[in-house]
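Here is a short report on one protein model. It covers a strand and its neighbours, a helix, and the disulfides.

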Amino acid sequence: AREQSCKYFQKSQRIHHRRRQNKEPSIVMYYVGRTTKETGSLLVIFLAIYCGLVTVSMIQLPHRFFNLRYRLFIDSANGTETKSIVANNLLLPDEKNCSRFASIVHNDGMGLGHKLTEVIFGMKFAEETNSVYVYNFDTFELRGDHGSYEWLAKFLPLQTTEFTTAELYRKGGIGGRKKVEAAGEQPPDKRPNKKKKNRTSFQVIRGNWYTVVERSKRQRCNVEFYTNMDRCCKNSTCTICFKDLSRSGVLEDMKGRMRKAFSLSTYIPSQQLADTLGQNRTSLVSIVWHIRVGDIILNANKDYFWNISKQIAASFGKNTKVPSPHVFFLGEKLEEKMLKHFPFLPDICNQFFNGSCSFPNMTVDESFYSMIKSDVLVTSGSSFASIAAMLRTSGITLAAVPKSGKKYVGIYDVSENLHIDEAGNIDKIGELTQFLESHTVNTDHLQNNALSVGH
């Protein structure tokens with residue numbers, strides 16, 4: 001294959017070299033497909049806007065080379081520097097000649113953070129197998145540790161931005177599970193016939209993440225790839241995907257896709273942060289502090305909370321233009337149950353926040369929404385809070401060490417986070433001060449029951 005591809009690469013390099021001699025900005029793009037209309041146009045538009053380039057050379061490669069890691073060569077305007085971006089997934093989802101789909105088979109039950117983490121890792125798995133990710137809303141139709149997730153179809157409508165199991169079923173695939181319909185869609189007229197073993201028109205490959213990825217390099221078209229969250233690792237010391245250190249950066253890589261879905265949300269909470277204050281609503285900075293209680297208690301240490309609170313309070317300084325903070329402690333339990341494990345919270349509230357704290361009684365969806373929309377979010381180390389931080393596009397996030405341990409920070413991290421170490425020290429806390437000083441109170445938002453600074 002390497003020898004056969006030489007003529008394609010030689011042709012592209014001649015064009016590339018000519019552009020460099022003339023010191024013209026250029027892109028040389030390798031793509032796989034029958035047409036440039038869909039793949040080519042979208043990538044060219046993106047790169048032209050992103051890089052400010054004007055000349056594009058497109059070289060078509062045969063389908064048999066789709067497992068190569070094609071590079072997009074980008075020249076700077078002065079013709080002296082060259083950058084390269086690796087593009088792995090240049091196949092059209094509806095490419096009739098080469099259909100490849102991938103997903104992670106979900107586990108029943110589990111909390112919302114874990115389930116959404118499965119979705120994110122599924123996207124990464126599809127990328128590594130050079131396949132189209134298949135979103136299975138069945139993951140959320142079953143009741144989990146946080147009750148029913150039916151509200152998620154409106155809250156995070158991934159069924160509108162991702163390829164779904166319903167679409168895959170119509171193509172003849174199995175979708176990885178018994179149920180295939182996505183949220184808001186009618187189930188197919190025909191259900192899988194269990195008596196017919198070979199109903200699917202695709203080859204189905206399941207197994208360990210690394211094994212399936214290797215097989216995907218040899219497998220061509222019309223195939224479905226599946227793995228599980230507990231089959232991601234190369235060695236026995238790693239038992240689940242989010243403990244595989246090679247997955248560091250996965251939330252950062254996929255945050256754009258998740259935020260795109262959230263931007264289309266039609267969810268309207270029945271209760272927002274400002275509503276919980278009743279008649280005492282004033283111009284405040286909303287600080288949502290997630291408290292992890294329930295089956296696992298995280299960071300129930302007074303010194304830890306004291307240190308964080310001291311730094312947050314200092315960030316407000318003596319600037320009278322900065323509104324006062326109000327801290328909303330959100331958790332899975334009511335106030336009395338939270339205080340059972342965190343009895344020091346009232347003292348911290350009085351010491352650093354002038355007693356301006358509350359323990360709203362919110363549903364899971366209301367809490368999730370409040371965490372995403374607050375001015376400042378302090379996470380607990382749970383995956384639930386980490387996903388909320390990932391979906392945020394404004395405000396400041398103070399991110400605690402994940403419950404799995406310090407060495408796994410990179411897996412749950414996104415670039416906007418300010419990190420809290422295990423002692424409660426906040427890295428780059430000056431960014432919080434800058435955020436507060438650069439924002440003014442938006443009273444119109446307050447009148448509409450949205451407690452927010454500059455949102």
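In strand E9, Tyr226 is the bridge partner of Arg206. The model is predicted: local features need pLDDT of at least 70, side-chain atom pairs count only at pLDDT 80 or more, and totals for chains, interfaces and linings use all residues. Residues are numbered from 1 along each chain as its sequence is written, and side-chain values use heavy atoms, with hydrogens and water left out.

Helices (H or I, at least four residues) and strands (E, at least two) are DSSP runs, numbered from the N terminus. Two strands pair if DSSP finds at least two bridges between them.

E9 spans residues 223–228. Strand E8 (residues 203–206) pairs with E9 in the parallel sense, over four bridges. Strand E5 (residues 100–105) also pairs with E9 in the parallel sense, over six bridges. Here Ile104 has Thr227 of E9 as its bridge partner.

E8, helix H8 (residues 209–218) and E9 form a right-handed β-α-β unit. Right-handed means that, with the strands pointing away from the viewer, the path from the first strand over the helix to the second runs clockwise.

How many of the six residues of E9 are buried? Six of six are. Buried means under 20% relative accessible area, exposed over 50%, and partly exposed in between (1.4 Å probe, protein chains only). Val223, Phe225 and Thr227 are buried on one side of E9. Glu224, Tyr226 and Asn228 are buried on the other.

**Helix H3**

H3 (residues 112–128) has 17 residues. From first C-alpha to last it reaches 25 Å, close to the expected 24 Å. The expected span is 1.5 Å times one less than the number of residues. Of the 17 residues of H3, 15 are buried, so the helix is largely enclosed by the rest of the structure. Asn130 follows H3 and has a positive phi, near 55 degrees.

**Disulfides**

The structure holds three disulfides. The criterion is a pair of cysteine sulfur atoms within 2.5 Å.

| Disulfide | S to S distance |
|---|---|
| Cys232 and Cys241 | 1.6 Å |
| Cys233 and Cys238 | 1.9 Å |
| Cys349 and Cys357 | 2.1 Å |

Cys232 is buried at 0% relative accessibility. Cys233 is buried at 11%, and Cys238 is buried at 12%. Cys349 is buried at 5%, and Cys357 is buried at 18%. The torsion about the S-S bond of Cys349 and Cys357 is about 115 degrees, so this disulfide is right-handed.
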